[in-house]
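Here is a friendly walk through the helices, strands and ring contacts of one protein model. Keep the viewer open as you read.

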Amino acid sequence: MATLKELKIRIGSVASSEKITGAMKMISSAKVHKEEQSLRRLAPFKDQIKSIMGHILQTGENFNSPLIEGREVKRVGIVVYGSDDGLCGAYNMNIFKGLLIEIDRIFDTYGKEVEIVVYPVGKKMGKAVRNLSHSNVSSVVKDGINSKMQGETVTEFTKSLRDSFLKGELDLVETVFMSYRSMSKQSLAIEQLFPVTEKMLVNEAEGETDNQLYIFEPDANSIFNEVLPMFVMSTMQEITVENRASEQAARVMAMQSANDNAKKLFDELQLEYNKLRQQGITTELLDILGGQVER
C-alpha cells in the first residue's frame, strides 16, 4: 500500500498533468478556429472558380486539356496527409489505414504490376509509410513539404505533381486526407487530382445554369484551359487547410480525453489519500486512548 507521502506526490503529478492537458486543449482549440477562418477566406476564390467553371461547362462545347485526358494507369502517385506533431490520438493511424485500403483498391483495379509512389505530408506520416513492404510501393519525401506548409509551398507542390502527370511520370494522382466537418467530426477522404474527372467538374457546375449573358473571349475552350489549373490549385489548398484543421480538432479531442482521465485519476487518488489519512488519525487516537487506559 502506498504511503501518504507517495500519494501526495502522485496527486501533485496528476494535477500538473491536468493543467498541461487543459492548456494544450485551449491552444489547439484556438488553432482550429484559425484554420476555420482560413477555410472561410478560401471560399470566395473557390466559389468564383466554381461559377466560372459552371458557366463554361454550360456552353455544351467539347473541351480539350491534357489535365483531363485519361490513359492506361501504370504508375500512381498518392499524396497522404498526416501531422508533424503527436498527441492527436488515432489521427495519423486512421489516415494510414485509409491509405492501405486505397493501395489495395488500386492493385485490385489496375493490376498488381502497377507502381505506386506515396508522397507523405508530415513527419508522422513519413515514418509510417516507411513500413510499407510491398515491392511496387515506394515513398518520396519532398523537401519543405509538411502539414504546416503555407499557400506558396502548396502551390509549388501542386505544380510539381501536375508536371509529373503531364510528363507521363504519373498516370494518376490522388490525395488521402482527413476532411474537416466540425470540431467533433472529421472523416477520411480520398480525392483524385489528375486527371481531372468529369464528375469533379460537374459537381463544381451544379447550380450554374444561366450563361446567356456571357461572351467568351477568345473562346470557351481557351478559358477552360486557364481556369482548370486554378480549380486544381484551389482544391489542393482547401485539402491542406482542411487536414490541418482536422489535426488540431483531433488534438482537442485527445487532450479532452486525457484531461477527463486525469480528473478521474485525481479524484481516485484524493479519495485514497483521505482514507489513508483518516485511517492514520484513527490509529493515533486509538494509541492515545490505549495509553490512557494502561495508566
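This is a predicted model: local features need pLDDT of at least 70, side-chain atom pairs count only at pLDDT 80 or more; totals for chains, interfaces and linings use all residues.

Residues are numbered from 1 along each chain as its sequence is written, and side-chain values use heavy atoms, with hydrogens and water left out.

**Helices**

Helices (H or I, at least four residues) and strands (E, at least two) are DSSP runs, numbered from the N terminus. The table sets the end-to-end C-alpha reach of two helices beside the expected span, which is 1.5 Å times one less than the number of residues.

| Helix | Length | Reach, first to last C-alpha | Expected span |
|---|---|---|---|
| α1 (residues 4-57) | 54 residues | 76 Å | 80 Å |
| α2 (91-110) | 20 residues | 29 Å | 28 Å |

For α1 the reach is close to the expected value, and for α2 it is close as well. Even so, α1 has a kink of about 30 degrees at Ala43, shortly before the proline Pro44. The bend at a residue is the angle between axes fitted to the seven residues ending there and the seven starting there.

Which residues of α2 are buried? Among them are Tyr91, Ile95, Leu99, Glu102, Ile103 and Ile106, where buried means under 20% relative accessible area, exposed over 50%, and partly exposed in between (1.4 Å probe, protein chains only). An α-helix has 3.6 residues a turn, so residues three or four places apart point the same way.

**Strands**

Strand β4 (residues 172-182) has 9 of its 11 residues buried, so the rest of the structure largely encloses it. Two strands pair if DSSP finds at least two bridges between them. β4 runs parallel to β1, joined by 5 bridges, and pairs with β5 in the antiparallel sense over 9 bridges. Glu174 of β4 stands opposite Ile78 and also opposite Gln192 in β5. With 2 residues between them, β4 and β5 form a hairpin.

**Aromatic rings**

Rings of Phe, Tyr and Trp (its six-membered ring) pair if their centres lie within 6.5 Å; planes under 30 degrees apart count as stacked, over 60 as edge-to-face and the rest as tilted. That rule gives 2 aromatic pairs. Phe63 and Phe224 are stacked, because their ring centres are 4.6 Å apart and their planes meet at 25 degrees. This pair links distant parts of the chain, 161 residues apart: Phe63 is in the loop between α1 and β1, and Phe224 is in helix α6 (residues 220-294). Phe63 counts as buried at 14% relative accessibility, and Phe224 does so at 0%.

Phe165 and Phe194 are stacked too, with centres 5.6 Å apart and planes at 20 degrees. Phe165 belongs to helix α4 (residues 151-166) and Phe194 to strand β5, so the pair ties together parts 29 residues apart in sequence. Both Phe165 and Phe194 are buried. Arg71 lies over the face of Phe165, 4.3 Å from the ring centre; a charge sits over a ring if NZ of Lys or CZ of Arg is within 6 Å of the ring centre and within 35 degrees of the ring normal.

**Backbone angles**

Most residues other than glycine have a negative phi, and most peptide bonds are trans. Leu87, not a glycine, has a positive phi of about 60 degrees. Leu87 lies in the loop between β1 (75-81) and α2, and counts as exposed at 53% relative accessibility. The peptide bond from Phe194 to Pro195 is cis, with omega near -10 degrees. Pro195 sits in the loop between β5 (185-194) and α5 (198-205).
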